[in-house]
Amino acid sequence: MEQLKTIGRELAMGSQGGFGQSKEFLDLVKSIGEARSKAEEERIVLHEIETLKRRLAEPDIPKRKMKEYLIRLVYVEMLGHDASFAYIHAVKMTHDDNLVLKRTGYLAVSLFLNDDHDLIILIVNTIQKDLKSDNYLVVCTALNAVCKLINDETVPAVLPQVVELLAHQKEAVRKKAIMALHRFYQKSPSSVLHLVSNFRKRLCDNDPGVMGATLCPLFDLITIDVNTYKDLVVSFVSILRQVAERRLPKTYDYHQLPAPFIQIRLLKILAMLGSGDKQASEKMYTVVSDIFKKCDSTSNIGNAVLYECICCVSAIHPNPKLLDQAAQVISRFLKSDSHNLKYMGIDALGRLIKISPEIAEQHQLAVIDCLEDPDDTLKRKTFELLYKMTKSSNVEVIVDRMISYMISINDNHYKTYIASRCVELAEQFAPSNQWFIQTMNKVFEHAGDLVNVKVAHNLMKLIAEGFGEDDDTADSQLRSSAVESYLRIIGEPKLPSVFLQVICWVLGEYGTADGKYSASYITGKLCDVAEAYSNDETVKAYAVTAIKKIYAFEISAGRKVEMLPECQSLVEELSASHSTDLQQRAYELQAVIGIDAHAIESIMPSDASCEDVEIDKNLSFLDGYVQQAIEKGAQPYISENERTGMLNINNFRNQDQPEALSHSLRFEAYELPKPLVPSRVPPAAVASSTELVPVPEPYYARETHQTASLPSVSDAGSSELKLRLDGVQKKWGRPTYSSSASLTSTSSSHKTTNGVTQVDGVGTSNSKGRDTYDSRKPSVEISPEKQKLASSLFGGSSRTEKRASSGNHKVSKAAEKSHVGKAAGAHSDTVVEKINREPTPDLLDFSDLAVTSTAPSVDPFQQLEGLLDQTEATSTMNNGAAGASRTPEIMGLYADSAVSGLSSSVANRDEFNLSSELSNAARTSQVGVSQLNKGPNPKDSLEKDALVRQMGVNPTSQNPNLFKDLLG
Amino acid sequence: MIQAVMVINTQGKPRLAKFYEFQPVEKQQELIRSVYTVLSSRAEDVSNFLDVESIFGPDTRLVYKHFATLYFVFVFDSSENELAMLDLIQVFVETLDKCFKNVCELDVVLNYSKLHTVLDEIIFGGQVLETSSTEVLKAVEEIARLETASNAISLVPKSVSSWRSR
């Protein structure tokens with residue numbers, strides 16, 4: 001049957017024209033396919049090579065046979081065997097006039113040869129000829145070969161022809177010529193720099209395919225220099241609009257989407273052009289927003305375009321509406337079942353949280369799902385995201401996760417990578433030094449050989465220097481905890497060398513400092529280390545020096561030192577070591593033991609590793625000795641400069657090496673030619689440098705621009721992000737920006753007011769997060785560990801007041817939806833959604849006011865009261881709910897109603913319905929007054945606000961006192 | 001830019017390998033092997049993306065798709081979009097399917113040079129050239145037609161054929 005099929009194929013291929021293969025080739029493929037072992041395959045291929053070598057040596061091979069042989073050779077080389085003996089035949093075949101043979105020749109050559117291969121020179125002439133051919137297929141074939149075979153030396157030989165082809169009548173040829181030029185640009189930018197304008201010209205080509213091809217080189221050019229292409233923003237936007245509006249011929253549709261690859265390329269370009277440029281960005285808003293709306297989210301390619309939109313939105317100057325649309329797409333990605341979409345969602349989230357950090361909180365559970373997914377790719381992407389959102393509040397959980405993943409994998413490359421990430425995060429955000437040391441211990445223990453040695457030195461330095469504050473007790477506590485942990489770890493087998501070095505150093509320096517462990521105990525341990533790792537000289541050196549220090553400290557403390565027998569034998573062994581370093585250390589140790597306490601104190605002062613050692617570079621203490629010697633008639637010292645100067649004087653007549661001398665006359669004489677030196681640089685570099693000279697201005701402009709825009713292109717901790725936004729706000733001169741940016745996640749404005757009124761620090765927000773989860777457990781099946789993780793990752797993720805509240809709000813809203821909801825929940829949700837859909841300009845202004853929290857036109861306290869009432873309504877509605885679960889609900893409701901308050905038409909209803917019960921709320925709050933100052937209970941704080949307002953206190957400053965005491 | 005296209009069967013045998021940046025033969029083998037090792041250890045229902053910086057160096061991504069007995073693998077850098085590359089694999093496979101009517105591994109092996117022809121019409125010098133499988137097919141068929149035509153010519157005595165093409 002199998003054979004029948006093969007024969008059928010063979011026949012079919014025969015009818016297909018030039019693609020048929022001979023029986024021999026079929027046999028080869030078949031026998032390789034049937035080979036049962038690698039060795040057998042090897043044997044077959046080697047045999048084939050022998051056959052081919054023999055055949056190729058025969059005279060007068062028919063051309064069709066030759067073609068067949070070449071195909072077989074290409075196949076053989078793909079299997080990993082050298083076919084270089086046949087390269088010359090491939091080159092010869094490219095000279096043939098027959099199209100089939102020529103194509104085969106080019107195929108073989110472009111697969112066989114590197115662009116600096118000696119044989120290339122034999123092909124260049126053929127390529128030149130073929131590029132001028134009348135047959136466009138020959139031209140295309142040559143262009144294809146050009147991409148692979150031409151390097152910076154041979155570019156000038158074919159460049160004129162390729163440029164001519166840019167005006168070829170066939171669009172397929174124009175397209176390929178553009179791409180070939182692009183390839184030249186990649187390989188040697190200087191050779192085609194003068195042709196860059198051609199790319200701009202071809203952007204207006206009649207054929208959309210050619211235009212699309214032009215985007216690739218333009219993308220590269222813009223990556224390097226954004227500013228010179230700012231003028232094209234309008235063109236790109238209009239092209240994108242036309243593409244999105246289906247103005248292209250139907251043939252460019254792919255899965256019902258108009259030219260998605262062109263859209264993607266354009267969005268990538270726009271992202272670069274709009275980054276940090278408000279003016280340019282504003283031109284893009286409409287078209288990107290249109291694509292968000294139009295794009296079909298059911299197809300793979302549609303999602304690719306949507307993802308690219310998100311990338312674009314997160315790169316350009318932020319626009320609240322677009323950010324909102326992006327957030328919606330992200331949540332759809334994350335909710336999808338497809339791992340691919342989840343991956344894209346996580347990646348997109350990582351981009352967007354730079355601009356609006358609060359968006360991550362809506363997706364906390366999705367993110368945790370991805371983190372626990374069996375798919376490694378997804379997991380790593382998620383770690384990437386977590387890395388971006390690490391703050392001092394969640395660093396412990398994140399680093400912990402990273403380390404346990406690090407331990408579980410074998411891939412050394414990624415292990416190194418994630419270990420360095422752990423170290424970086426730990427160094428940056430460590431909540432305590434104790435934790436830092438423990439974390440570093442874990443990293444060293446499991447990936448010690450993979451991390452940079454610098455990290456070890458940093459760790460030692462940290463232990464030595466302590467907090468950097470003048471808190472000696474804390475420092476010594478830190479050290480003794482380090483010593484203790486190391487004594488525990490030291491017995492474990494196969495510790496990495498770097499880690500052992502740290503251990504030895506710390507034990508030597510601080511092992512006996514707190515008096516808890518005796519010198520003999522520590523030295524015993526150190527001897528064990530030196531013995532256990534006897535083939536690691538660095539560790540041995542560290543160990544023996546540590547022993548020396550211990551003994552030195554003992555002596556200077558006035559205690560009698562008795563060397564342990566194993567220590568004795570270690571020293572003896574080392575003093576006969578091949579390594580001079582080890583020998584020296586061993587002798588030093590013996591010498592130190594022999595001297596008295598006073599001397600030791602000056603050579604080995606205790607805990608002085610951070611002291612600067614003063615070095616007298618002039619060796620002034622030798623002056624007296626030198627003076628004496630000179631008086632006795634010794635030659636005075638001649639400095640090196642003078643000595644070489646003498647040498648040159650000796651060689652004075654030797655005119656071949658004039659430049660190195662310090663003889664003043666000659667030096668002057670040769671000074672002049674120096675400015676001419678640059679002219680000796682190869683012409684390529686000159687071209688590029690002259691390219692640079694005429695355009696200093698845009699270059700400069702870009703520089704300043706970058707500094708100006710830097711704040712908006714955030715890359716790290718979001719605690720700084722707030723600062724940056726402020727900076728931008730000032731830069732652009734309009735106050736709407738930061739608020740509008742935070743609008744995206746449905747919860748911007750209320751969040752700020754809410755934050756100021758009830759924020760209570762990280763710890764409590766954590767606990768609240770958990771409470772909420774508990775309350776929600778019966779209805780939604782999510783394991784408590786996951787919830788805990790979520791709350792520690794996200795709930796506590798907000799150090800700044802704003803985010804703390806928004807996090808809680810998200811959680812509580814979710815809880816509401818899942819089981820309390822009913823009337824109030826549903827209502828507020830619809831409100832939120834409505835606002836989501838139509839973020840009016842009014843919204844911006846309101847949110848802005850909310851940020852500053854001075855009394856806005858819509859009185860936030862009125863909403864507060866409304867909220868309190870609503871709360872009561874909810875609590876009566878759902879008696880069974882635990883008190884704990886109610887707290888976040890209140891906040892959720894409050895938050896929602898605050899949002900609704902912004903679009904006043906909706907909010908009014910709330911107020912009318914509920915304000916009647918205001919006094920009631922105030923009364924309850926009066927009862928609770930005594931507790932207010934103690935607990936950060938958000939309900940209490942809200943009530944207190946109501947109370948305060950009743951008493952006629954109006955907040956006037958940005959951070960009124962009444963808010964302040966709630967913060968405490 | 002797309003750096004490499006590979007087709008590897010489920011036993012780890014390369015069926016097509018095209019590197020847009022030159023790689024020596026040994027290096028090619030090594031890359032194919034390491035890609036196969038990673039691919040073969042992946043479960044069925046996971047994402048089609050792979051972290052391959054340890055294999056191909058910094059700023060590289062890999063997208064693969066598993067069809068019957070073959071893995072189709074594209075390696076590219078950050079200037080391309082992962083999902084779009086996944087669709088490009090789809091385009092490639094669709095075109096092959098149209099070329100061979102229900103493409104199977106055997107077609108891929110036996111029509112080695114045709115495979116290259118198809119691929120060259122989709123990816124040119126590491127950049128996406130064409131994404132419509134019908135357009136690609138048209139181009140490939142035109143090449144085939146002209147090749148048969150020139151085959152006919154080559155039956156004419158050699159001196160004549162060289163004269164004609166001048």
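The model is a predicted one, in which local features need pLDDT of at least 70 and side-chain atom pairs count only at pLDDT 80 or more, while totals for chains, interfaces and linings use all residues. Residues are numbered from 1 along each chain as its sequence is written, chains are lettered from A and ligands numbered from 1 in the order in which they are written, and side-chain values use heavy atoms, with hydrogens and water left out.

B:Asn102 lies in the loop between α3 (82–100) and α4 (105–110) of chain B; helices (H or I, at least four residues) and strands (E, at least two) are DSSP runs, numbered from the N terminus. I noted that B:Asn102 has a positive phi of about 60 degrees although it is not a glycine. Most residues other than glycine have a negative phi.

I then turned to A:His255, where phi is near 50 degrees, again a positive value in a residue other than glycine. A:His255 sits in the loop between β1 (253–254) and β2 (257–258) of chain A, and with a relative accessible area of 36% it is partly exposed.

**Chain A as a whole**

I checked the secondary structure of chain A, which comes to 53 helices and two strands. Of its 968 residues, 53% count as buried. Among the contacts in chain A with a separation of 6 or more, 68% come from residues 24 or more positions apart, a contact meaning heavy atoms within 4.5 Å.

A:His446 belongs to helix α25 (residues 433–447) of chain A and is partly exposed, with a relative accessible area of 34%. Leaving out residues up to four places away in sequence, I found that A:His446 touches A:Met406, A:Ile407 and A:Lys415. I also noted A:Leu495, which is 49 residues from A:His446 along the chain, with 8.2 Å between their C-alpha atoms.

A:Ser110 is in helix α6 (residues 99–112) of chain A and counts as buried at 12% relative accessibility. A polar atom of the A:Ser110 side chain lies 3.1 Å from the backbone oxygen of A:Leu107. Not counting residues up to four places away in sequence, A:Ser110 touches A:Lys148 and A:Leu149.

**Salt bridges**

Over all chains the structure holds 40 salt bridges, each being a side-chain nitrogen of Lys or Arg within 4 Å of a carboxyl oxygen of Asp or Glu.

I looked at the pair A:Asp115 and A:Lys187, whose side chains meet in a salt bridge (3.2 Å, N to O). This pair links distant parts of the chain, 72 residues apart, with A:Asp115 in the loop between α6 and α7 (120–131) and A:Lys187 in helix α10 (residues 171–187) of chain A. A:Asp115 is buried, with a relative accessible area of 18%, whereas A:Lys187 is partly exposed at 24%.

The side chains of A:Asp205 and A:Arg174 also meet in a salt bridge (2.9 Å, N to O), and both residues are buried.

A:Lys540 forms a salt bridge with A:Glu573, the closest N and O atoms being 3.7 Å apart. A:Lys540 lies in helix α30 (residues 537–556) and A:Glu573 in helix α31 (residues 565–575) of chain A, so the pair ties together parts that are 33 residues apart in sequence.

**Where chain A meets chain B**

I found that the contact takes 76 residues from chain A and 76 residues from chain B. The area buried between the two chains is about 6,700 Å², of which carbon and sulfur atoms give 57%; buried area is the accessible area (1.4 Å probe) that two parts lose on being put together, summed over both. Six salt bridges cross this interface, and I picked out one between the side chains of A:Arg183 and B:Glu21 (3.5 Å, N to O).

**Cysteines**

How many disulfides are there over all chains? The count comes to zero, a disulfide being a pair of cysteine sulfur atoms within 2.5 Å. I checked A:Cys309, whose sulfur is 6.3 Å from the closest cysteine sulfur, in A:Cys295, too far for a bond. A:Cys309 counts as buried at 0% relative accessibility, and A:Cys370 counts as buried at 1%.

Conventions. Buried means under 20% relative accessible area, exposed over 50%, partly exposed in between (1.4 Å probe, protein chains only). A polar contact is a pair of N or O atoms within 3.5 Å; within protein, one must be able to donate a hydrogen and the other to accept it, and residues adjacent in sequence count only if both atoms are side-chain atoms.
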